[in-house]
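Subject: Structure for you to look at

Hello,

Here is the structure I said I would pass on. My notes on what turned up in it follow below.

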Amino acid sequence: MPTSHRIRVVDAFTDRPFAGNPAGVLLLDAFPGHTWLQNVATELNHAETAFAHPLPEGGDADWALRWFTPATEVDLCGHATLAMAHVLHSTGAASGPIRFATRSGVLTATSHADGALTLDFPTAPLTEIGVPAGIAEDLGAEPLRAYDTGPHCGDLLIELADEKTVRALTPDHKALVRHSKRGIIATALAEDPSLGYDFVSRSFFPRVGIDEDPVTGSAHTALAPFWAERLGRTKLTGLQASARTGLVHTELQGDRTLLTGRAVTVIEGELLA
């Protein structure tokens, strides 16, 4: 391994700096040990840091990709995948569709002439469950319905009464860890669709070291089928109403969900470790 690595911080699901969701991005020749990868992600302290290395030609994927929060490795991450695809295209390291080999299978990122990127992710299978005891108190609002989002996301999807309720949430993050494998997605219908989005959401992942994630691509693999069924459309736009905010354009295609957004590189430098 070389003694230094090029490292970037990319804001994903936004077209301007200091919005969307920041992700660390490192291109490597091969993956070093798990401890080093986790230490880098902990040092950066962003929701996720993405690591990738090229794979031999002729296989099912072009790059191997892994994601780490400040606390652990995760199975699926949308915004860090978008950030990685942005770096690969903007630096000339890749062109055309990029196939990533990940814990969640092969994921594809496609660039568009206008600079947007589309991710092809597995659709989260939704199973309605009873509203868990104590979730209203821990979240800070009374759920209308609750859904399990399957093994890849591992989240609890909660429908709330309206957009104002989602925006006003002040959850007990420590208490939320008892309700799901990864986190809680709170969502409601947009109050005014003329503003350019169909639904709102916020995502809380204290179990993996992230109290509130600014913009969560993987959560939209559950939000897309949830709202497509209710609104009768397969193409929808979600606003994640965190402090940074971000837009995710979704298209439901059966067992696959397309997630489209933009990304901006805000920091580039050397990791001397």
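By class, five nonpolar, two polar and three charged residues make up the lining of the largest cavity. Please bear in mind throughout that this is a predicted model. The residues that line this cavity are Glu48, Leu76, Cys77, Arg182, Phe205, Val208, Ile210, Asp213, Thr216 and Ser218. Its volume is about 50 Å³, and the structure holds one cavity of 30 Å³ or more.

The largest pocket has a volume of about 250 Å³. Two elements, β16 and β17 (256-261), each give two or more residues to its lining. Of the elements, β16 gives the most, with three residues. The lining has 15 residues in total, and those nearest the centre of the pocket are Phe13, Thr14, Asp15, Leu247 and Arg262. Sorted by class, the pocket lining has five nonpolar, six polar and four charged residues.

Next, the aromatic residues. A search of the whole structure gives five aromatic pairs. In one of them, phenylalanine 199 and tryptophan 227 are stacked, with 6.1 Å from centre to centre and 15° between the planes. Phenylalanine 199 belongs to strand β13 (residues 199-205) and tryptophan 227 to helix α6 (residues 220-231), so this pair ties together parts that are 28 residues apart in sequence.

Are these two residues buried or exposed? Phenylalanine 199 has a relative accessibility of 0% and therefore counts as buried, the cut-off being under 20%. Tryptophan 227 is buried as well, because its relative accessible area of 3% is also under 20%. Both residues belong to one aromatic cluster, made up of Tyr147, Phe199, Phe226 and Trp227.

Two arginines lie over aromatic faces. Arginine 230 is over the face of phenylalanine 226, at 3.6 Å from the ring centre. Arginine 66 is over the face of phenylalanine 31, at 5.2 Å from the ring centre.

Helix α6 is worth a separate note. Nine of its 12 residues are buried, so the helix is largely enclosed by the rest of the structure. The buried residues of α6 are His220, Thr221, Ala222, Leu223, Ala224, Pro225, Phe226, Trp227 and Ala228. After the helix comes glycine 232, which has a positive phi, near 70°.

That leaves the strands around β15. Strand β15 (residues 235-240) is mostly covered, with five of its six residues buried. β15 pairs with β13 in the parallel sense over three bridges. Phenylalanine 199, already mentioned for its stacked ring, stands opposite glycine 238 of β15.

β15 also pairs with strand β16 (residues 246-253), here in the antiparallel sense and over six bridges. Lysine 235 has glutamate 251 of β16 as its bridge partner. The hairpin of β15 and β16 has five residues between the strands, and in this hairpin threonine 245 takes a positive phi near 60°.

If you want a place to begin, you could look at β16, which pairs with β15 and gives three residues to the lining of the largest pocket. After that, you could turn to phenylalanine 199, which stacks with tryptophan 227 and stands opposite glycine 238.

Regards

Definitions and conventions:
Residues numbered from 1 in each chain as written. Predicted model: local features only at pLDDT ≥ 70, side-chain atom pairs only at ≥ 80, totals over all residues. Heavy atoms only, no water. Phe/Tyr/Trp six-rings, centres within 6.5 Å; stacked < 30°, edge-to-face > 60°. Helix = DSSP H or I, 4+ residues; strand = E, 2+ residues; numbered from the N terminus. Buried < 20%, exposed > 50% of the residue type's maximum accessible area, 1.4 Å probe, protein only. Lys NZ or Arg CZ within 6 Å of the ring centre and 35° of its normal. Pairing = 2+ DSSP bridges. 1 Å grid on protein atoms, 1.4 Å probe; cavity = no way out; pocket = protein on both sides within 12 Å on 5 of 7 lines; lining within 4 Å. Points joined across faces, edges and corners; volume = space filled by probe spheres on them. Nonpolar A, V, L, I, M, F, W, Y, C, P; charged D, E, K, R; others polar.
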